[in-house]
Amino acid sequence: MAASILNKIEYLVLLVAAFAAHSKISEAEAYRYLSRYGALALCEKHYGIMHTLSLEENLQTLQTYCQRKGGTL
């Protein structure tokens, strides 16, 4: 598998785990929530920019994005 794909996967796993901790939910719940509201697709699409920003900034972006799509966390 190409290194760029592995980097994306590792970053998405990191974001899901951090979102879970930030929202005080399990990692499985965080994954389902982020997937349901399209945040994981957003992260994959904009990985080139997102991985250069702070984790806290990305968590806030994910939370806001999901809320705009109907999420309640």
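Biologist: So a contact here means heavy atoms within 4.5 Å of each other. Leaving aside neighbours within four places in sequence, what is leucine 34 in contact with?

Modeller: Leucine 34 is in contact with Val16, Phe19, Ala39, Leu40, Leu62 and Cys66. Before we go on, this is a predicted model, in which local features need pLDDT of at least 70 and side-chain atom pairs count only at pLDDT 80 or more, while totals for chains, interfaces and linings use all residues. Residues are numbered from 1 along each chain as its sequence is written, and side-chain values use heavy atoms, with hydrogens and water left out.

Biologist: Thanks! Which helix does leucine 34 lie in?

Modeller: Leucine 34 lies in helix H2. Helices are DSSP runs (H or I, at least four residues), numbered from the N terminus.

Biologist: And is leucine 34 buried or exposed?

Modeller: Leucine 34 has a relative accessible area of 1%, so it is buried. The cut-offs are simple: buried is under 20% relative accessible area, exposed is over 50%, and partly exposed is in between, with a 1.4 Å probe and protein chains only.

Biologist: What about arginine 32, buried or exposed?

Modeller: Arginine 32 is in helix H2 too, but it is exposed because its relative accessible area is 53%. The C-alpha atoms of arginine 32 and valine 16 are separated by 9.6 Å, and these two are 16 residues apart along the chain.

Biologist: How do H1 and H2 cross?

Modeller: Two packed helices are described by the angle between their axes and the distance between the axes. The axes of H1 and H2 come within 8 Å and cross at roughly 110°. That makes H1 roughly perpendicular to H2. Axes are lines fitted to C-alpha atoms, for helices over the stretch in contact, and angles run from 0 to 180 degrees between N-to-C directions. Angles of 65 to 115 degrees count as roughly perpendicular, under 35 as roughly parallel, over 145 as roughly antiparallel and the rest as oblique.

Biologist: Which residues of H1 and H2 meet?

Modeller: On the H1 side there are Val16, Ala17, Phe19 and Ala20. They meet Glu27, Ala30, Tyr31, Tyr33 and Leu34 in H2.

Biologist: Now H5. At what angle do the axes of H1 and H5 cross?

Modeller: They cross at roughly 75° and come within 10 Å, so H1 and H5 are also roughly perpendicular to each other. Tyr11, Leu14, Leu15, Ala18, Phe19 and His22 in H1 meet Leu55, Glu56, Asn58, Leu59, Leu62 and Gln63 in H5.

Biologist: Asparagine 58 is on that list. What does asparagine 58 touch, not counting residues up to four places away in sequence?

Modeller: Asparagine 58 touches Tyr11, Leu15, Met50 and Leu53. Asparagine 58 is found in helix H5, residues 55-68, and counts as buried because its relative accessibility is 1%.

Biologist: And glutamine 63, what does that touch, with residues up to four places away not counting?

Modeller: Glutamine 63 touches Phe19, His22 and Leu73. Its place is in helix H5, and at 16% relative accessibility glutamine 63 counts as buried.

Biologist: Changing topic: how many salt bridges does the count come to?

Modeller: The count comes to one salt bridge, meaning a side-chain nitrogen of Lys or Arg within 4 Å of a carboxyl oxygen of Asp or Glu. Glutamate 44 forms a salt bridge with lysine 8, and their closest N and O atoms are 2.9 Å apart. The pair links distant parts of the chain, 36 residues apart, with glutamate 44 in helix H3 (residues 39-45) and lysine 8 in helix H1.

Biologist: How does glutamate 44 count at its relative accessibility, buried or partly exposed?

Modeller: Glutamate 44 counts as partly exposed, at 39% relative accessibility. Lysine 8 counts as partly exposed as well, at 27%.

Biologist: One last thing: where is lysine 24 found?

Modeller: Lysine 24 is found in the loop between H1 and helix H2 (27-36). Lysine 24 counts as exposed because its relative accessibility is 74%. Most residues other than glycine have a negative phi. Lysine 24 has a positive phi of about 60° although it is not a glycine.

Key. Helices (H or I, at least four residues) and strands (E, at least two) are DSSP runs, numbered from the N terminus.
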